[in-house]
Structures are given as C-alpha cells and as structure tokens.
Amino acid sequence: MLRLGVFVLIPTLILVAGHIGFAFLMLRKWTAFEEAQGGPLTFANISRIHTGAKNVGPSWLVVFAPSWSADFTVAMMALVALSRRAHISRAIDWSWNSQLLHANTLCQALASALFKFGMTWRLVTEHGSWLIVFAPLYWSMIAQLVLHYNKQPDSRNRRPGFPVGLTHLVALVVSFKLEGILHYSDTSWASVLWPLWGLGGFLGIMLVVGICCGVPLLLRRDVPPHMALFLLAVLLLLFVIFMPALVSAVRLTLWLDGREHMSATEIMRPYLAALFIVLVVLLISVIIVLLTSYSRRPEQEPGDAEDPSLPPPLLVDLPKVLYRESSTLFRRVSDVDCTFRSFAQLVDEADDAHDAEAGGQAGGQPLAPSGAERVALPPRRVAVMLSDSAVRPDSAVRPG
C-alpha cells in the first residue's frame with residue numbers, strides 16, 4: 001500500500017499540469033486576439049473586443065478543456081478515496097482529518113469546474129452577471145471553512161490547513177471589482193489584488209529570512225548534510241518560483257491598470273516558467289515518496305501509516321532549526337556589540353589617563369600612580385586583548 005502522501009501530491013500534480021495546458025492555450029487565444037486587433041490589447045478597451053468570435057484562435061471550450069480534465073480527474077480520485085474508506089481503514093490509520101481532506105478536495109474540484117463553465121458561458125455570450133460566474137467559488141469557500149473547523153485539533157490545539165484559500169480571496173475582490181460593489185470600480189487593480197501582494201510579501205520575507213539564517217546554517221559543520229541540502233534546495237526553489245511569478249503578476253497588474261502596453265507573451269511566459277518549475281518539483285516529490293514507500297514496505301506495520309494532513313518530519317524540524325540559527329546569529333551580534341563597547345570604554349579610560357598625565361606635567365606636579373594611569377596600555381597590548389575578547393565573547397575586557 002502506497003503512503004498517503006501520494007494521495008496529496010498526485011492531485012496537486014494533476015491540477016498543475018491541467019493549469020499549464022490552460023495557460024498555454026490561453027496564451028494562444030490572447031495572441032490571436034492581438035493579431036486580429038493589430039497590436040497589444042488594452043484592458044480599458046477590452047469591452048470592444050468580441051470575445052465570442054469563433055474564428056479567432058482556439059475556441060473557449062478547447063482553452064478550458066485541460067483544466068476541466070484535471071478538475072474532474074481530481075474529483076474522481078477524491079470520490080474513490082472516500083468510497084473506499086472502509087477498506088483503506090483496515091490497512092492504514094485512516095483518520096477523520098484525512099476524510100475531511102478528501103471531502104474538501106472533492107468540493108474544490110467541482111466548484112472550480114463549475115466556475116470555469118460559467119466563465120466560458122460569459123466569454124461566449126458576452127453578457128451576464130459576474131457574481132453568478134463566481135458563485136461556485138463562494139460556495140467552495142464556505143465549504144472549506146466549515147470542513148476546516150470540523151477537523152480534529154492536534155496536541156497544540158491547531159487544525160491542519162487553512163480555513164480560506166488564496167483563490168477564494170482573489171475571487172471575492174475580482175468579482176467585486178468587475179461588478180463595482182463597495183466602490184471597487186473606482187479602485188485600481190494594484191489595490192484590488194492585495195491578496196497576491198500579501199502572499200508575495202510573505203514569501204519574500206521568508207526568502208530573506210531563509211537566506212540570512214540558512215546560509216550560516218549551511219556553513220556550520222555540525223548540521224546534518226541532509227538538512228543542509230534540503231534547506232539549500234528550498235531556498236533555490238523559492239527563488240526560481242517566486243521571481244518569475246512576481247514579474248508576471250506585476251506586468252499583469254500594470255496591463256490591467258492601463259499603465260503599460262504589454263503583449264500576452266510578456267505577461268504569460270514568466271508565469272508558465274514558474275508553473276513548469278512547480279510541475280518538475282512535484283514530479284520529483286512523487287518519485288521520492290514512491291521510492292521511500294517501496295524501500296520501507298518490509299519494515300512498515302499495517303498501522304504505521306502517516307496522516308496526509310500532517311507535514312513531513314523534516315518540514316516540522318526545519319522551522320526549529322531556523323529559529324535556533326537565528327537566535328545564534330543575534331546572540332553573536334550582541335556579543336560583538338558588547339566587545340566593541342568594552343573596547344571603547346578601554347580607549348576612553350586610556351585617553352583620560354593620558355590627559356591627566358599631560359595636565360600633571362604641565363602643572364609641575366608629579367602624578368601618583370592611579371588606576372587610570374595603569375589603563376594606558378601600549379597599542380599592541382590593546383590589540384591582543386581585543387582579539388582575545390573577540391575569540392571569547394563571553395569574557396570581559398579588563399585593563400591591566
């Protein structure tokens with residue numbers, strides 16, 4: 001029996017593959033409209049373009065066909081998994097959260113297919129309410145919210161997953177913008193697409209924190225090699241996925257606001273590049289999970305299967321390692337700051353002793369030995385003491 005992680009990765013893999021097919025056909029359709037228009041399209045004049053024209057590029061049914069196929073395939077997989085839960089529960093530890101996970105997958109896949117059907121109808125007929133088109137996504141958001149709060153919390157009283165997805169937030173703001181609800185018609189697209197910028201900002205901060213804390217972690221010899229390689233791979237993947245997706249999102253926003261005249265190729269190619277990288281990563285992940293499952297099959301007991309709603313152990317330990325490394329980094333910075341403060345205090349005391357000696361000689365009175373005079377050390381002695389304190393930050397720099 002394959003590990004349950006495959007049941008999480010394969011639906012995601014199918015959805016990404018279907019979305020790549022949709023994005024490629026959408027690029028062909030968009031390019032055909034540009035050729036018929038005689039140049040790049042502008043969103044301000046998009047209403048003048050007859051999107052229901054049958055002789056311009058592939059039909060809308062063909063454009064949405066790969067995404068529909070992926071949605072129905074994932075829905076069938078989730079339905080089969082739910083229908084066979086009695087048989088599966090005898091072989092593995094089938095938890096309540098696992099059932100809700102497959103139920104949510106089924107709801108999201110069906111809602112996505114209905115939304116794309118409504119979008120096709122809207123583009124072909126060129127009339128209708130956008131609220132009706134986005135209604136399936138509203139219902140999927142409610143379903144995910146209800147299923148999430150029916151999950152069993154873990155020992156830390158946390159439920160796996162999120163109550164609302166990014167797709168639901170984007171669907172809300174975009175539909176409000178297209179229908180002019182809550183004065184969204186007067187708001188720029190750069191402000192409307194705040195969920196995308198929120199996700200981009202979060203990923204950007206995580207990437208910066210990962211670089212600041214992960215690079216010192218990689219340079220330390222006491223870190224296990226598999227942890228170091230995993231962290232390096234995560235950082236590289238975040239960078240190569242984050243940058244093309246961010247470029248595509250910025251260009252699309254500028255095009256929607258009418259600030260730049262961009263072609264479909266300039267907007268869609270970075271997005272397709274990011275999707276291909278995600279697809280390759282998912283393929284490699286599925287292969288690794290399959291190989292791991294087959295290699296551990298003789299040692300695994302029937303009740304030792306893992307819950308797919310829980311993250312892998314390596315992902316659980318990674319934040320702890322990064323937190324420990326960040327604490328070490330800030331502690332070292334604090335120690336260096338204390339060292340420089342001690343050295344500055346030492347220099348100030350030496351300067352005071354030198355000034356006092358100069359004042360005593362000018363007044364013709366010999367100076368008695370004092371603590372300040374003993375602090376006036378040769379520069380070489382001060383340098384040796386500073387280097388010694390830098391090697392041992394916890395040792396204080398003492399004069400004499």
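User: Where does α5 bend, and by how much?

Analyst: The model is predicted, so the values are computed from it. The bend in α5 is about 35 degrees and lies at Pro-136. From first C-alpha to last, the 19 residues of α5 reach 27 Å, close to the 27 Å expected at 1.5 Å a residue.

User: What caps the N-terminal end of α5?

Analyst: Ser-129 does, with a side-chain oxygen 3.2 Å from the backbone nitrogen of Leu-131.

User: Which residues of α5 are buried, and what covers them?

Analyst: Start with the general idea. An α-helix has 3.6 residues a turn, so residues three or four places apart point the same way. In α5 the buried residues include Val-133, Pro-136, Leu-137, Ser-140, Met-141 and Gln-144. The cover over the buried residues of α5 includes α4 and α6.

User: What does Gln-108 touch?

Analyst: Gln-108 sits in helix α4. Leaving out residues up to four places away in sequence, Gln-108 touches Ser-140, Gln-144 and His-168. The side chains of Gln-108 and Gln-144 are joined by a polar contact of 3.5 Å.

User: Which residues touch the most other members of the largest nonpolar core?

Analyst: They are Trp-30, Phe-64, Met-119 and Phe-134, in a core of 45 residues. Helix α1 gives the largest share of this core, 11 residues. A second, separate core has nine residues, among them Val-74, Ala-75, Leu-106 and Leu-147.

User: With which residues is Phe-64 in contact?

Analyst: Setting aside neighbours within four places in sequence, Phe-64 is in contact with Phe-22, Lys-116, Met-119, Thr-120 and Leu-123.

Conventions:
Residues are numbered from 1 along each chain as its sequence is written. This is a predicted model: local features need pLDDT of at least 70, side-chain atom pairs count only at pLDDT 80 or more; totals for chains, interfaces and linings use all residues. Side-chain values use heavy atoms; hydrogens and water are left out. A nonpolar core is a set of buried Ala, Val, Leu, Ile, Met, Phe, Trp, Tyr and Cys residues joined through side-chain atoms within 4.5 Å. Buried means under 20% relative accessible area, exposed over 50%, partly exposed in between (1.4 Å probe, protein chains only). Helices (H or I, at least four residues) and strands (E, at least two) are DSSP runs, numbered from the N terminus. Contact means heavy atoms within 4.5 Å. A polar contact is a pair of N or O atoms within 3.5 Å; within protein, one must be able to donate a hydrogen and the other to accept it, and residues adjacent in sequence count only if both atoms are side-chain atoms. The expected span of a helix is 1.5 Å times one less than its number of residues. The bend at a residue is the angle between axes fitted to the seven residues ending there and the seven starting there.
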